[in-house]
Amino acid sequence: MAPYRPTRLLDRWNALSLATQFLLAGGLFSLSAMIVVGMSVTSQIEAAVTRNSAASTALYVDSVIAPLLPDMRRSEMLDESVAHALDETLGQGALGKRLESFKLWRRDGTILYSTTKSLVGKRFPLSDNLRAAFAGDMVAEMDRHYDNQAERDSGLHLLEIYNPMLQPWSGEVVAVLEFEEIATDFEKDLRQALVRTWFDVAAVTAGFFLGLSVIVFRGSRTIRSQSRSLKQRIAELSVLVAQNRMLRLRVQRASQRATALNERYLRRIGADLHDGPAQLVALAALGIDSPVLADPATPAAARARELQVVKANLDDAMREIRNVSKGLMLPHVENAELTEILELAVRAHEERTGVKVMLSMTGNHTPLSPAAKICIFRFIQEALNNGFHHAGGAGQSVAKHFDGERVSIEVSDTGPGFDPKIIHPERLGLIGLRERVESLGGQFDVTSSQDGTVVKMVLNTVEIGQP
């Protein structure tokens, strides 16, 4: 068995909601406070009621008994006439019904008179209550300790009273009257008063606790709601932070790839210029430096033929330069509509290659940012060029569709196709197209089979913004 650790209890307590913690701790505290307050109040009520009742009874007894007694200061014992008068007074009438027992004490502890005749004349040590009475205080308490089985079986509730007897002219305590009043009704009334007191204390405590509980539960519910909202915000921010981190990494990778692609493009342009126009210009230069043109004796017809060859080479070089420049130049698409951009790209390809391209457009018109327009134009231009170079321009087509939020462009052909999983580094077109589309948050996809190739791009017009 694992040893008990106080931290487990603390962890379980901390795992509870604030409302539950208040319900447990506040309930225990309120119950303890109710018990303490109830005991204090009932004790004070019982003492006050007992004292008041005893005082009224003692006053009544004293008014009846005192005239029968002699000068207790001078009398050591009561004569028979006084004892007989006390017997008659205490044995009948109102006192006989109210008093269960009666004793008259002298200061030295001697019982001068008692309803129990066997105790008369005997001397006993003074009890605390007797000492207090001889000191001038009236003492009263409920006698719940029965002296014998008969008293216990009788079920009587007795109020034990110690009343000092004072010398009229000096105020000195000369004797003490001890008597037990039958207090059955008094005990019943006192119990009812105590029950009502406990009920009132419990009701006030419960009302106070319930009022606080309502406030605490409302506050706890508000805190839970705000906590859930805060956790949701934190989760959303965490997702956004993760997305921003991924986007930052994508931008870094795209920047690195873009740098490498630019270098490859420059090398390809350099190769195109070197292998095309540069070679033709070199041939023209060789033709100019040929002996035919350098020799004055060369016939005019031969000279003309040589110059014609030089001119043809220079014309071919100029045509090559124009073709290269045309591929690099971008028409004014910033202010053009999407349909115009598609028509410009298709018409330029048809004029340059002589291949017919089928164009289809569905969906309503949508405004696009300049970056999105340039991306779409370059996508169509490069995809058609790739289809022309690798598939011979067979069955080339361009399709546009807009569904209200996304615009998709598909460029397809019916060539022999290739494996899209294997894209060689020299295929700069597809790599460059993917970088262009994904840099705007779009999607790029290539599907190819022996029946043809489809290159597709999708842009979210809401995410990339409008001009």
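**Exercise 1.** Is tryptophan 105 buried or exposed, and what is its relative accessible area?

*Solution.* This is a predicted model, in which local features need pLDDT of at least 70, side-chain atom pairs count only at pLDDT 80 or more, and totals for chains, interfaces and linings use all residues. Residues are numbered from 1 along each chain as its sequence is written, and side-chain values use heavy atoms, with hydrogens and water left out. Tryptophan 105 has a relative accessible area of 6% and is therefore buried, given that buried means under 20%, exposed over 50% and partly exposed in between, with a 1.4 Å probe and protein chains only.

**Exercise 2.** Work out how tryptophan 105 and phenylalanine 124 are paired, and which parts they join.

*Solution.* Rings of Phe, Tyr and Trp (its six-membered ring) pair if their centres lie within 6.5 Å, and planes under 30 degrees apart count as stacked, over 60 as edge-to-face and the rest as tilted. The count by this rule is three aromatic pairs. In one of them, tryptophan 105 and phenylalanine 124 lie 6.2 Å centre to centre with 65 degrees between the planes, which is edge-to-face. Tryptophan 105 belongs to strand β1 (residues 99-105) and phenylalanine 124 to the loop between β2 (111-114) and α5 (128-134), so the pair ties together parts 19 residues apart in sequence; strands (E, at least two residues) and helices (H or I, at least four) are DSSP runs numbered from the N terminus. Phenylalanine 124 is partly exposed, at 33% relative accessible area.

**Exercise 3.** Classify the pair formed by phenylalanine 379 and phenylalanine 444.

*Solution.* Their ring centres are 6.3 Å apart and their planes stand at 85 degrees, so the pair is edge-to-face. Both phenylalanine 379 and phenylalanine 444 are buried.
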